[in-house]
Amino acid sequence: MTSEVSQANTKFILEAIEKLRSCVRVNNLSSWQCLEADLPLADDFSLWSLAQLNAKGHIGWVLGQNVLWLVQKLVIPQDLQGYPLQGLSLRLSLVWWADSAQVYVNGKLVLEGDLFDSSPRVLLSDAVTPGDEFIIALRLVSPGHCDGALVKSLLIYESTDENRPDPGFVADELAVMQRFLETFEPQRLEDLAGSVAGIDWEETNRPSGSPVPQTPAETLR
């Protein structure tokens, strides 16, 4: 049986993981504008409507090879939760249920997929600058036998400097370590929680700083 102490440590670690991820990841699923029509990609999106999420939290549309266009404009902010974004790479992580899919960036077709190639990470920039703008458009065709859906849409900023891990990288490592200890060595969760408690969140938000002084694995050696 998991002790109350272990449960408290797990909750504390998971909260820190989510806080770290929020510094470099944005769920933009609810930001898409939509148009259900088999038309060419246009420059004027003023008549498009905000896509609504269904009961599953997805953007859905009807079966039968019907076309759904989705579009949104991205403007790179200075920071997320105080963490500076200058120089980070940016990818758009998508998951769809569509018979065919096309991804356009600033009017250029950059990727195609289907029911079996349905979870790409589209590179938008090798190194962003605050104020950069991107027009992202998706052309999705529903399967003939069931409704289509855009299941996931997530913006992910990542460091390209191996000497300066971004908060998302640290969060992923923490998640792996937390799961391992919870399963095999729950008595050591307190040690991991202690390491997490040592994160200098002010240092995280400095352009030259690292999210934590050392990775979680190093603190437990």
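Start by selecting Phe 45: its relative accessibility is 23%, so it counts as partly exposed. On this scale, buried means under 20% relative accessible area and exposed over 50%, with partly exposed in between (1.4 Å probe, protein chains only).

Before moving on, two notes about what you are looking at. This is a predicted model, in which local features need pLDDT of at least 70 and side-chain atom pairs count only at pLDDT 80 or more, while totals for chains, interfaces and linings use all residues. Residues are numbered from 1 along each chain as its sequence is written, and side-chain values use heavy atoms, with hydrogens and water left out.

**Stop 1: aromatic rings**

How many aromatic pairs does a search of the whole structure find? The search finds three. One of them joins Phe 45 and Trp 48, edge-to-face, with 5.1 Å from centre to centre and 85° between the planes. Here rings of Phe, Tyr and Trp (its six-membered ring) pair if their centres lie within 6.5 Å; planes under 30 degrees apart count as stacked, over 60 as edge-to-face, and the rest as tilted.

Next, select Trp 69 and Tyr 104. Their ring centres are 5.8 Å apart and their planes meet at 40°, so this pair is tilted. The pair links distant parts of the chain, 35 residues apart: Trp 69 is in strand β5 (residues 67-75) and Tyr 104 in strand β9 (residues 100-105). Helices (H or I, at least four residues) and strands (E, at least two) are DSSP runs, numbered from the N terminus. Trp 69 and Tyr 104 are both buried.

**Stop 2: along β5 to Gln 72**

Stay in strand β5 and pick Gln 72. Is Gln 72 buried or exposed? Its relative accessible area is 6%, so Gln 72 is buried. Turn the view to Asn 28, whose side chain makes a polar contact of 3.2 Å with that of Gln 72. A polar contact is a pair of N or O atoms within 3.5 Å; within protein, one must be able to donate a hydrogen and the other to accept it, and residues adjacent in sequence count only if both atoms are side-chain atoms. Leaving aside neighbours within four places in sequence, Gln 72 is in contact (heavy atoms within 4.5 Å) with residues including Trp 32, Phe 134 and Ile 136.

**Stop 3: the open sheet**

Zoom out and show the strands. Six of them form an open sheet with antiparallel pairing, in the order β3-β2-β5-β12-β9-β10. The edge strands, β3 (49-50) and β10 (108-114), each pair on one side only. Two strands pair if DSSP finds at least two bridges between them.

Now follow β9, which is mostly covered, with five of its six residues buried. Six antiparallel bridges tie β9 to strand β12 (residues 133-141). Look for Ser 100 opposite Val 141 in β12, and for Tyr 104 opposite Ala 137 in β12. β9 also runs antiparallel to β10, joined to it by six bridges; there, Val 105 stands opposite Lys 108. The hairpin of β9 and β10 has two residues between the strands, and Asn 106 takes a positive phi near 50° there.

**Stop 4: β13 and its partners**

Select β13 (148-158), where eight of the eleven residues are buried. Which strand pairs with β13 over nine bridges? That is β8, in the antiparallel sense; the bridge partner of Trp 96 is Leu 150 in β13. β4 pairs with β13 over three antiparallel bridges, and Trp 61 sits opposite Gly 148 in β13. Strand β1 (residues 25-27) likewise makes three antiparallel bridges to β13, with Arg 25 opposite Ile 156.

**Stop 5: the nonpolar cores**

The largest nonpolar core has 34 residues, and those touching the most other members include Trp 32, Leu 70, Leu 150 and Tyr 157. Elements giving two or more residues to this core include β5, β8 and β13. Apart from it lies another core, of 14 residues, among them Leu 20, Val 170, Leu 189 and Val 196. A nonpolar core is a set of buried Ala, Val, Leu, Ile, Met, Phe, Trp, Tyr and Cys residues joined through side-chain atoms within 4.5 Å.

**Last stop: helix α1**

Finish at Asn 9, found in helix α1 (residues 4-21). Its relative accessibility is 13%, so Asn 9 counts as buried. Beyond its neighbours within four places in sequence, Asn 9 is in contact with Leu 189, Glu 190 and Ala 193.
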